[in-house]
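Please look over the sequence and the structure shown below before reading on.

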Amino acid sequence: WKPVLLLSPVPLPAGGRPATFSTTCVRCSKNRRLRQKRIISERKLTRYFVDHRKVRVVGGQGGGGGHSFYSEPRKIFGGPDGGNGGDGGHVILKADQQMKSLSSVLPFYQGFHGERGGIKNRYGANGAYLYVKVPVGTLVKEDGKVVADLTQHGEEYVAAYGGAGGKGNRFFLSNENRSPTTFTPGEPGQERVLHLELKTTAHAGLVGFPNAGKSSLLRAISRARPAVAAYPFTTLNPHVGIVHYHDYEQVAVADIPGLIKGAHQNRGLGMAFLRHIERCRFLLYVVDLSVSQPWIQLEDLKYELEQYQKGLSERPCVVIGNKIDLAQSRINLPLLKEHIGDRVIALSALTGDNLEELLFCLRELYDAYVKTEQSLGQSPMKW
C-alpha cells in the first residue's frame, strides 16, 4: 500500500492566481514584521563584582609505565625496554593585572594527564601545566587558613601538584631478574578544595553609611552602573569604576557596600566587605549632608575602620559632602567644616554640581601615591 496525501482545495482569488500570503491573517502579518532584539534591562547588563569563589582543583594523573621487550632479527631477546610514564600537569594560580574579578574562575579544574611510557625506553610526555588567571590581590585559603597571597602581577601558586609517572619494566631490571614483567601505573594528582577571596585592589575606596550616595557618585564619575534605589543596602556587591584622564591615566574607584555601627563585629554586611577597604591606597568618605550632625557619621566610619585594622583610618583621605542640592545640606556644610580638620568637598551626585573639584582632588591623591611608591623603589598599581 502507498500513503495518499489529501489536499484540501485552495480558493483562488479574483485574478486566478493563488496568493503567497494573506494580508489579513494574523499569523502571516506577524511573520512579515522585522524581528527586533529584546531590550535587556540595565540590571541584567550589570556585571557584578565577584569577590569569593570555591574551587576544586585536581592535578593531572601520571602516565603508566610501559611493558615491552626488545626484539629484532638476530636478537630475539633484547631485554625489557618499557619506558617510564610522564608526570601529570600541575594546576597553577597566576595573578594577572588584566583580571579584575573572580567571575571568570570556574568551580572545578583538572590538570592534564601524563602520557604512557612507550617501547624502546621511550618516556611518556609530561602533562602540560594548567594556568588559572586570577586578579591581583587574591587570597587563597584552605580550611580557613591563608596559604597564598597573590599581590604582584605574574606571581604564581601551585594549587594542585600532578601525580608522578609510573615505572616501566625496564626500571625493574636487575641481575636477579633479567626479564621483569612488573610495571607500575601513574599516581593520581593532588586534590584540594580552595577558597579564593579577592581584596579589592582599587586606588580609592568609597566609604560611607547606607544611602549616603556612594553608588550615585560612582555612576557620575565613571561608567560603572551599580544599582541605585531609595532604600538602604542597595549595593550588596562591590563595584569598581574607572576614572579616565586626558593623559591616559586611569584611577580605579571601588564602591564598598554601606557600613553600619558594629560592622567590625560582623554586623550588617560585616567584615566581608571591610577587607576590600584594606587594599585601597586612599579613602573617600561619603557623608550625607542632609542629616543632622553629619560629622558624627564621619567619626563612626573612622571608628569602625580603626577597630577592624589599626591605622586604616589614618590613610590619605578626603571627605565628600553629598546632596548639596538640598536646603538642609547648605546649612550643615559650614558646621561640618568646623568639626573636622580634613578637606571637605561639597557636591551633588544627582545634579553633578562640583564634580570637577572631586576629580582634581582624586588625581592629586593618585599622583601622591605614585610618587610614594616610586620613592620606595616599588612599581605603583596600574589599571
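**Burial and salt bridges**

Glu197 counts as buried, because its relative accessibility is 13% and buried means under 20% relative accessible area, with exposed being over 50% and partly exposed in between (1.4 Å probe, protein chains only). This is a predicted model, in which local features need pLDDT of at least 70 and side-chain atom pairs count only at pLDDT 80 or more, while totals for chains, interfaces and linings use all residues. Residues are numbered from 1 along each chain as its sequence is written, and side-chain values use heavy atoms, with hydrogens and water left out.

- A salt bridge is a side-chain nitrogen of Lys or Arg within 4 Å of a carboxyl oxygen of Asp or Glu, and by this rule the count comes to 10 salt bridges.
- Glu197 forms one of these with Lys141, and the closest N and O atoms of the two are 3.3 Å apart. The pair links distant parts of the chain, since Lys141 is in strand β5 (residues 138-142) and Glu197 is in strand β8, 56 residues apart; helices (H or I, at least four residues) and strands (E, at least two) are DSSP runs, numbered from the N terminus.
- Glu191 forms a salt bridge with Arg56, with 2.8 Å between the closest N and O atoms. Glu191 lies in strand β8 (residues 191-198) and Arg56 in strand β1, so this pair ties together parts that are 135 residues apart in sequence. Arg56 counts as partly exposed, at 35% relative accessibility.
- Arg343 forms a salt bridge with Glu364, the closest N and O atoms lying 3.4 Å apart. Because Arg343 lies in the loop between α6 (327-339) and β14 (344-346) and Glu364 lies in helix α7, the pair ties together parts that are 21 residues apart in sequence. Arg343 is partly exposed at 38% relative accessibility, and Glu364 is also partly exposed, with a relative accessible area of 49%.
- Asp247, Arg363 and Asp367 are linked in a network of salt bridges.

**Aromatic rings**

- Rings of Phe, Tyr and Trp (its six-membered ring) pair if their centres lie within 6.5 Å, and planes under 30 degrees apart count as stacked, over 60 as edge-to-face and the rest as tilted. By this rule the count comes to 2 aromatic pairs.
- The rings of Phe171 and Phe172 have centres 5.3 Å apart and planes at 90°, so this pair is edge-to-face. Phe171 is partly exposed, with a relative accessible area of 48%, and Phe172 also counts as partly exposed, at 28% relative accessibility.
- The rings of Tyr366 and Tyr369 have centres 6.4 Å apart and planes at 50°, so this pair is tilted. Both residues lie in helix α7 (residues 355-375), 3 residues apart, which is about one turn of the helix. Tyr366 is buried, with a relative accessible area of 1%, and Tyr369 is buried at 8% relative accessibility.
- A charge sits over a ring if NZ of Lys or CZ of Arg is within 6 Å of the ring centre and within 35 degrees of the ring normal. The charged end of Lys167 sits over the ring of Phe171, 5.1 Å from its centre, and Lys94 lies over the face of Tyr131, at 5.7 Å from the ring centre.

**A loop residue**

- Phe77 is found in the loop between β1 (52-58) and β2 (91-96), and at 52% relative accessibility Phe77 counts as exposed.
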